[in-house]
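Here is a short briefing on one protein model. Keep the sequence and the 3D view open as you read.

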Amino acid sequence: MIRFIAILFGIAFIFAGVAGFMPAFTTNGALLGIFEVDSMHNMGYIVSGVIAIMAATSYRLTKLYFLIFGVIYTIVAILGFWRNGDLFIMHVNMADNFLHLGIGIVSLLLGYYASKKQA
């Protein structure tokens, strides 16, 4: 089940990253008019999605993916809140910060739950 969830995460990340490059989905540099996007941000989502799908090839990699990306996305959210959206190589807005925090927490819970369930 956790491997299927990783594939869904991967598809969602890739879709979000590609949509960020498409004018039909962006308004004034905001995906769906809500989330601030730029090329680095979009590439980060695409890379996260590809890695999620690759990690879904084994249970151990899937668990590791969720734990590592949970930490990364939580740190990105905290930095976004702390630096008011200036993350040095990309910019985020408050909606992005909450999205990243949600992704981070859900990923950590999935990784932790997966490790406890199979143990």
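Leaving aside neighbours within four places in sequence, Thr26 is in contact with Ala19, Gly20, Leu31 and Val37. Contact means heavy atoms within 4.5 Å. This is a predicted model: local features need pLDDT of at least 70, side-chain atom pairs count only at pLDDT 80 or more, and totals for chains, interfaces and linings use all residues. Residues are numbered from 1 along each chain as its sequence is written, and side-chain values use heavy atoms, with hydrogens and water left out.

**Thr26**
- Thr26 sits in strand 1, residues 26-27. Strands (E, at least two residues) and helices (H or I, at least four) are DSSP runs, numbered from the N terminus.
- A polar atom of the Thr26 side chain lies 3.3 Å from the backbone oxygen of Met22.

- The 3 strands form an open, antiparallel sheet in the order 1-2-3. Strands pair if DSSP finds at least two bridges between them.
- Strand 1 and strand 3 (35-36) are at the edges with a single partner strand each, so one side of each has no neighbour in the sheet.
- Strand 2 (residues 30-31) pairs with strand 3 over 2 bridges, in the antiparallel sense.
- Leu31 is opposite Phe35 of strand 3.

**The helices**
- Helix 1 (residues 2-21) packs against helix 2 (residues 39-55) at about 155°, with axes 7 Å apart. Axes are lines fitted to C-alpha atoms over the stretch in contact, and angles run from 0 to 180 degrees between N-to-C directions.
- Helix 1 is therefore roughly antiparallel to helix 2 (an angle over 145 degrees).
- Their contact includes Ala6 and Ile7 of helix 1 and Ser39 and Asn42 of helix 2.

Definitions and conventions
Polar contact = N/O pair within 3.5 Å; in protein donor to acceptor, adjacent residues only side chain to side chain. Parallel < 35°, antiparallel > 145°, perpendicular 65-115°, else oblique.
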